[in-house]
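Subject: Structure handover

Hi,

Here is the structure you were waiting for. My notes follow below it.

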Amino acid sequence: FADIFAINHDLFSLNLPSTARLTEDPSVWSLSEECVFDRMIEGLLSACLTLRMLPSIRYTAASGLTKLVAQRLQMRIQEEISLFEALDRRGVGQPVLLLVDRRDDPVTPL
């Protein structure tokens, strides 16, 4: 589960190629897009384990892609739940993983 690249103490990258084609309907994804999507899910799972957190996942309701990411990530977490059970969460609230779609960005780039 070392699928992330630490850039800074508060920033990491999954070092993925372009994910722009993932915004298309998943039924038309090529094998390449499916591999990128799966790699993204594995990278997010790795980040959760590295940060030692079992997050509550929230996503943008208007985005089918963020919903799909949330569902797949939750599935992977359930498959690997034994890795998360060892985490010491006493006295700590449950962290939130917020998935947003950059196409719905309310702030206009300057």
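Val96, Leu98 and Val100 make a nonpolar surface patch of about 300 Å². Patches are made of residues with over 30% relative accessible area and no salt bridge; like charges are joined within 9 Å, and nonpolar side chains (Val, Leu, Ile, Met, Phe, Trp, Tyr) within 5 Å. Accessible areas come from the Shrake-Rupley method with a 1.4 Å probe, and for residues only the protein chains shown count as cover.

Before the rest, the ground rules. This is a predicted model, with residues numbered from 1 along each chain as its sequence is written. Local features need pLDDT of at least 70, side-chain atom pairs count only at pLDDT 80 or more, totals for chains, interfaces and linings use all residues, and side-chain values use heavy atoms, with hydrogens and water left out.

Overall layout

The chain has 3 helices and 4 strands. Helices (H or I, at least four residues) and strands (E, at least two) are DSSP runs, numbered from the N terminus. The order from the N terminus is β-β-α-β-α-α-β. The C-alpha atoms fill a box of roughly 40 × 35 × 30 Å along the principal axes. Of the 110 residues in the chain, 32% are buried. Buried means under 20% relative accessible area, exposed over 50%, and partly exposed in between (1.4 Å probe, protein chains only).

Valine 100 sits in the segment after strand 4 (96-99). Its relative accessible area is 56%, so valine 100 is exposed.

The largest pocket has a volume of about 750 Å³. It is lined by 24 residues, and Met40, Leu44, Leu99, Val100 and Arg102 are the closest to its centre. Helix 1 (31-50), helix 2 (64-79) and strand 4 each supply at least two lining residues. The lining divides into 18 nonpolar, 3 polar and 3 charged residues.

The terms, for the record. On a 1 Å grid over the protein atoms alone, a pocket is an open set of points with protein on both sides within 12 Å along at least five of seven lines, where a cavity is a set in which a 1.4 Å probe fits but cannot get out; lining residues have an atom within 4 Å of a point. Grid points are joined across faces, edges and corners, and a volume is the space filled by probe spheres set on the points. Ala, Val, Leu, Ile, Met, Phe, Trp, Tyr, Cys and Pro count as nonpolar, Asp, Glu, Lys and Arg as charged, and the others, Gly among them, as polar.

Salt bridges

Side chains of opposite charge can pair when their charged atoms come close. The rule used for a salt bridge is a side-chain nitrogen of Lys or Arg within 4 Å of a carboxyl oxygen of Asp or Glu. By that rule there are 7 salt bridges.

Glutamate 33 pairs with arginine 21 in one of them, with the closest N and O atoms 3.5 Å apart. This pair links distant parts of the chain, 12 residues apart: glutamate 33 is in helix 1, and arginine 21 is in the loop between strand 2 (11-13) and helix 1. Glutamate 33 is buried at 11% relative accessibility. Arginine 21 is partly exposed at 44%.

Glutamate 42 and arginine 76 meet in another salt bridge, at 2.6 Å from N to O. Glutamate 42 is in helix 1 and arginine 76 in helix 2, so this bridge ties together parts 34 residues apart in sequence. Glutamate 42 is partly exposed, at 24%. Arginine 76 is buried, at 15%.

Aspartate 101 bridges to arginine 103, with closest N and O atoms 2.7 Å apart. Aspartate 101 is buried at 10% relative accessibility, whereas arginine 103 is exposed at 52%. Salt bridges with shared partners also join Glu42, Arg76, Glu79 and Glu80 into one network.

Backbone

Which phi does asparagine 15 have? It is positive, about 55°, although asparagine 15 is not a glycine. The residue is in the loop between strand 2 and helix 1 and is exposed at 56%.

Arginine 52 also has a positive phi of about 55°, and is not a glycine. Its place is the loop between helix 1 and strand 3 (56-59). Arginine 52 is exposed at 53% relative accessibility.

Best wishes
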